[in-house]
Amino acid sequence: MANADCIVIQGSNMAECHPVGFQWVSEAKARGARIIHVDPRFTRTTAIADKHVPIRAGSDVVLLGALINYVLTHDLWFEEYVRAYTNASFLISEQFRDTEDLEGLFSGYDPSTGKYDPASWAYQRERRDSAPEDAQTDRPGDAGAPSDASAHDGYGDGEAEGESHGSGGPPAASEPLRDETLQDPSTVFQILKRHYSRYTAEMVREACGISEADFEYLARSITENSGRERTTCFAYAVGWTQHTLGAQFIRTASILQLLLGNMGRPGGGIMALRGHASIQGSTDIPTLFNLLPGYLPMPKAELETVQDYIGAIASKQQKGFWANADAYTVSLLKAWWGDAAQPDNDWAYDYLPRLTGAHGTYQTLTEMLADEVEGYFILGQNPAVGSANGRMQRMAMSHLKWMVVRDFSLIESATWWKDGPEIDSGELRTEEIDTEVFFFPAATHVEKAGTFTQTQRLLQWRHQAVSPPGDCQSELAFFYELGLRIRERLKDSGDPRDRPLLDLTWDYPVDDDGDPDALAVLAEINGRHLTGPDRGKPLSSYTQIKADGSTEGGCWIYTGVYADGVNHAADRVPGQEQDEIAAKWGWAWPANRRILYNRASADPQGKPWSERKKLVWWDEAARKWTGDDIPDFPVDRAPGTEAPDGSGGPDALDGDDPFIMQADGKGWLFAPKGMVDGPLPAHYEPQESPVRNPLYAQQPNATRELFPRWDNLTAASRGVPGAEVYPYMFTTYRLTEQHTAGGMSRWLPYLAELQPEMFCEVSPELAAERGLEQNGWATLVSPRAAIEAKVLITERMTPLESGGRTVHQIGLPYHWGVGREAVVSGDAANDLLGITLDPNVHIQESKVGLCDIRPGRRPRGAALVDMVTEYQQRAGLTPQTGNERVTDPARELPGRELPAGEEGQG
Amino acid sequence: MTAQPGRQVANPTADAHYEHPHSRRGFFTDTSICIGCKACEVACKEWNRNPADGDYEILGSSYDNTGALGANTWRHVAFIEQDRERIEQARSSGRALVDLGMPGVGPPPARTGSARTAPSATASTGETGGAPSSEGTAPPDSPEFRWLMSSDVCKHCTNAGCLDVCPTGALFRTEYGTVVVQEDVCNGCGTCVAGCPFGVIERRTDGLVTTPPSRDLPASVKRPQTGIAQKCTLCYDRMKDDETPACAKTCPTTSIKYGRREEMLSTARERVAQLHEQGMTEARLYGANPDDGVGGTGSIFLLLDEPEVYGLPPDPRVPTADLPRMFKRAGLAMAGMVAATATAFALGGRR
C-alpha cells in the first residue's frame, strides 16, 4: 500500500480497526498518495484522509458500478492490460440474459428454489456465424459447461456453489471463443458496458446519497492514478462483506481494478483487511465448515470417491495450479492419516466427514433451537454478544446439553444462564436451564508459541514469553490432550466409525509442561518427502507435492515456510536492512510471494509497465522471470509462449496468462461460474432498507439465505406497509479501544476505561428530530430487540438524501454485553440484528438494519419484551415480511420506467 | 537554579551541573498523523503500572473518556471535532504566523494574539472547495469538517516550574534533561501541582492496578503509591537502558517520535514547512521556542490549530520566572521597612 498513488478505503475503518497496518497508508500519504474514505461515518480513518465521501450503507455496488461505467464511457480503461490479461474478449452464451432484460434478475433463476442455474452464463464453445473469422478455436470442457460437476446439485437453503470449489473457482478448461475487436455483443466487454450503463453519477446521488461533485472527484482520483505509471489500491473489511451480497461488493471492485490495470502490481490490488490476529490463518487452515486446508473444498456426500472429489475441484485439462488439486488432496490425507492413507483405500478419503448441506454457524443455531445439537465448543468467540440476533444465540444455548467455553475470562457466553438479558426479562429461568457449561481458561498469545497469519498472508512466528498461569492452556495443548483422551477411550473399539480418530497421526513432541511443540505442527503443515533419498526432509515448494503418496503436507499453500528445516515464519531481518519487499521478514504464502499475480506487473512482452511500477520482469538473457518479488508464474515460461494444445495445469498457461489460479489464466470481468448470485454484480437493497431499489424492480438479492422465523423478524422496507415503524438505518462496527465482543478488552481496565459505555452516534439533525440529548440515554428498537445506549451527537454522522427522502444512519459499536463479570458492560448492539445471509459465503448482514430510536432508558423486566412486541404488532410483522425472494413485478412495475436497454452504450 | 525566561538554555543538564551530560532527549508529537488509537495511553500505563482512571463512565466528549493528563494518565489523547468555520480560522491564524516572516520555523504560538484578526478572506478563496486538483500545493480536500487528535504529555520544560518549587528535592533534572519525580522522596506536599503551567503534574489519590482474573505478576512489579506527585518520566528507566519510551515505541503511525531534542526540533521544523508547502498553513509548532515562558519544552508538538483548542495554555509561563523581580521588590520593601523601623526607633529614641 505504501506504493499506491491513491488509496480508496471503502467498507473499512482501517485506522481504527487495523491501526498497525494503517502505517502503510500513512506512509503512502507521506509519499504523496491521495487517501479517500468512503464510509457512512466520519471516523478516525477519515480524519487523516484527504476526502470523506459519506455513503448510504449497503449501496456500494451502485458507486463501484458507476465507476466502472465512468471508466468505460470515458475510455479510461487500461487497454493493453485488459485485452491481454482479462476475459474481456471472451464470448458468453447467447442464452445469457442480463438484469437489464429481466428486471433485476439474470437468466437461470428458479423462483421455486431461489437459486440460479449458471449454465447460461458460460463461455461460448461453438463457432457462430457472427463470430469473426480469427476467433480462436475452442478447446474441450471450457469454463461453465453445464456438464461440469456440482454446478446445480442443490441442497436446501444455505448451500453455496462457491464452497464446492477451491479458491480458483470452478473447474473449467482452456480457452473459449474470443472476439479480439471487443465488438461482438456477446463479448464480456459489451455485456459489461450494457450491464452498468444505468449506473451513472445521477444514480449514485439517488442511491448512495453522494453528490455528483464527490463522485467526479472519486472517479478522477482513481482514473488519474491508474495506468502504466500510477496505481490505485482499494482496501475493504467487513463493511463490504457483511451484506446479503457482500461477495459481489468485492467482485465489483475486482472488475474496476482489472479495467484500470491495478491487479498484480505494486500499489494496486484490493486489500482484504482481516479483522484480527490470524483471521487470515483461520481461513487458510480453516475453522470453516465448508473448507479444508489450502482452500480445498469440504467434500459433499455424493462425491463417493477421491476421484469424484478431485474432479469436482478441477479438471486436469484446465489451466493453472488448481489442476494439481489431486496432489494437494493426497498429500493432505497423508499428513493426517499417514500409513493408513493408501492408494487402495482412496488415501483414506472416507475418513473425511462429508457435507449434506450447509452447516454454518447460523444453520447450527437453528438446529440448536430445534434440539438437534447436544454440545457446543466456544473458542475465541463470544456469540452471546458478538453474533447477530443475540437473543436467538442465548436462547439456542439454553437448548444444549453441554457447552465448553475456552476463554480468558467468564465471558457472557459462559454466564448468560445466570445474568443474561433473558433472565432479567423472565424469558429464561436459571433453575429451568439444563445446559451444563464447562469453562476452560485459555492461554494468551504471549503464553504460547505459534504463528499468526495476517492480512498480507504473512506468517509470523511468535515465541512464548511466559508460561500460562494455573490451568490456562493453549488451544494446541487443549486439543492435543483432548485427542489423546478420546483415543485412549476408543483404543479397544472395533467400530469402523472410530478408525478416523484412531488412525490420525497424533504424535507431537511435548515440552516439560506437556505442551506440544508448535514448530512440529508447522513442519507437518509444511510437508515432507516420504520416500526416496530425501525421505523425511521438508518440502521446499508446493510444486514438489505429489499425488502418488510420496509426499505429505497439511496445507499446500504453506509449503515452503519450513523449507530446509528452517522456520521462515521466524525470519526477522529488520526493514532497514533489506529492500522494500522485505522478503526476509516472516514468510508469505504461497512461496513467500508478497504480491499475488505479479506477472501482471509486466506487459505481455514481459517488460515492466513502467520504471516507476516495476516489480517482476522477463530476463531474456537468462530466459527466466526475475525481479524484486518472487515471480508468481512458471519461472521459465517466456512471454510469447503459446501452450501446446491438449496440455493442462501449469503447462497450459500461455506466456500472457498472469492469473495462474484461474481456469483460463485471465482476470474475470465476468464470472461464468463460481458466484451463486450472478455473473456480474448488480445492486440489490439490503434485507431491511429505507428506500426502494432505484435500479431494478427486484428489491433484495433473490438468492440471499433466509431465516423466516418469529424470533428473527424483518422490518418492512420502504414502500411496504409498516415501514414507518422502524424508520432509521443503523450500522454496527468496532472501536480501536475495544476488541469485538469484548472478551479481550472489557476485562482489562486500561482498555475498558477508554470506551467504558455502550453508545450510539447520531447526527445533530436526528437528535433534534427525536429529542435526543448529548450524553443522555436513548433506546433503540428493532424487530428483534430493544437496547439502550448513551447518546453521542456528532457532525461526523451525516444525514443523506437518498430515494427521495432524508436517510438517517445511526452508528452502533458492538463491544458491550450484559453480564456482571467484566469491568464494563452494557447492552449488545448485535441483539438488534436479524439473520439473513450472503448466499456465497453465508455471512450475515450486520452492516445495515432498520430501527427506531427514542430518548430515555429501555424498560426493565418483562416490559422490555412487551415493548419489542408492541412495535412488531404495530408494524404488522410476520415471518413472511421482507422474506419474499422475488419482488413482485406486478406490484413494483407500474409507474416505473422500464430500463432503456441499449442506452449509454458506446 | 531558577532560570529566567528568554535565557537560552541549550542543555538543561549542563545547567543542572551534570559532569558528563548526555544529549537532551525529548518527544516530537506530530498531531497531523495521529489516528487517535490511544495505544500511547495504554502502553504508558502498562509500562509504568499506573492505575486506570475514573469511574468507567463515558464523558460525552467525542472519543475522549480519560479527560486530561493526571497522576495516572501520563499520555492523553484529545479529540476535537471542528466545522468549516473553525478550520478556516485555524488556517488563517497559521498563515498569519507565516506572514510574520518565520515560515516553517514554528514561531511561538503564545504570540499569536493578533493572528485571529487576520483577514479571513484569504482563507476562503476557493481552495477549500471539493473540486479535484492534482496540484501538489493544493490544500487538502476535506475541509468541511475535521477531527483533530493529539496525544499530550508532560512537557519536560527547559525551565520547569514543578522542579523549581519542589521543597524536598523529589523532583530532579535527569542527565537527559528530563524532569522526574523520585517517589521515595516526595512527601506529597503538592506544591509542584500549582507550579506547573500546563496542569500536568498531579498527586495520586488512590488506586492500584486491578485486573479481575488476575494473572501472576512478577514480584518486582512496582506498586503505585498513593498521595505522591506523579507524571510522565519520559520512561527514565527505559531511557537508561537505551530503550525508546513506551508511548513512542508503540505508536503505529510514528506520530510520537523520540530522540535527541535537537533532532526532534529539526524534524518538527521540516515537517511544518512541508505541511505549509501543501497548503496546510494551520500547522504550527508548540514548545519549540526557547524564548517562551518556560524556555521551550522537551516535548515538542505540531498542532493544527491554536493551542487553546487542544487544552494547552497559549502562553505558558513558569511561575518562578518572576522570582528575581519579586525578590528585588521584596528586598526594596524590606529595606524600606527596615528603614522605616529604624527611623521609628530613631525618632522614638529622641523622646
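1. Where does B:Cys34 lie in chain B? B:Cys34 is found in the loop between strand E1 (25–30) and H2 of chain B, where helices (H or I, at least four residues) and strands (E, at least two) are DSSP runs numbered from the N terminus. This is a predicted model, in which local features need pLDDT of at least 70 and side-chain atom pairs count only at pLDDT 80 or more, while totals for chains, interfaces and linings use all residues. Residues are numbered from 1 along each chain as its sequence is written, and chains are lettered from A and ligands numbered from 1 in the order in which they are written.

2. An unreviewed UniProt entry lists B:Cys34, B:Cys37, B:Cys40 and B:Cys251 under "binding site"; such annotations may be inferred rather than shown by experiment. They span 218 residues in sequence, yet no two of their C-alpha atoms are more than 10.7 Å apart, so they gather at one spot.

3. B:Cys34 counts as buried because it has 27 C-beta neighbours inside 10 Å, the definition of buried being 20 or more other C-beta atoms within 10 Å of the residue's own, with C-beta atoms placed from the backbone. Not counting residues up to four places away in sequence, B:Cys34 touches B:Met149, B:Ser150, B:Ser151, B:Thr253 and B:Ser255, contact meaning C-beta atoms within 7 Å.

4. B:Cys37, which is also placed in the loop between E1 and H2 of chain B, counts as buried because it has 26 C-beta neighbours inside 10 Å. Leaving aside neighbours within four places in sequence, B:Cys37 is in contact with A:Pro19 and A:Thr736 of chain A, as well as with B:Pro252.

5. The contact between the chains takes 41 residues from chain B and 47 residues from chain A. On the side of chain B that touches chain A, helix H2 (39–48), strand E2 (75–83) and strand E3 (145–153) of chain B each supply at least two residues, and H2(B) gives the most, with five residues.

6. In chain A, an open sheet of five strands has the order E3-E2-E1-E6-E7, with parallel pairing, where two strands pair if DSSP finds at least two bridges between them. The edge strands, each pairing on one side only, are E3 (51–53) and E7 (270–272) of chain A.

7. Elsewhere in chain A, strand E26 (residues 809–813) is mostly covered, with five of its five residues buried. Five bridges join strand E20 (residues 728–733) of chain A to E26(A), and the two run parallel; A:Phe730 has A:Ile810 as its bridge partner in E26(A).

Conventions. Buried ≥ 20, exposed ≤ 12 C-beta atoms within 10 Å, placed from the backbone. Contact = placed C-beta atoms within 7 Å.
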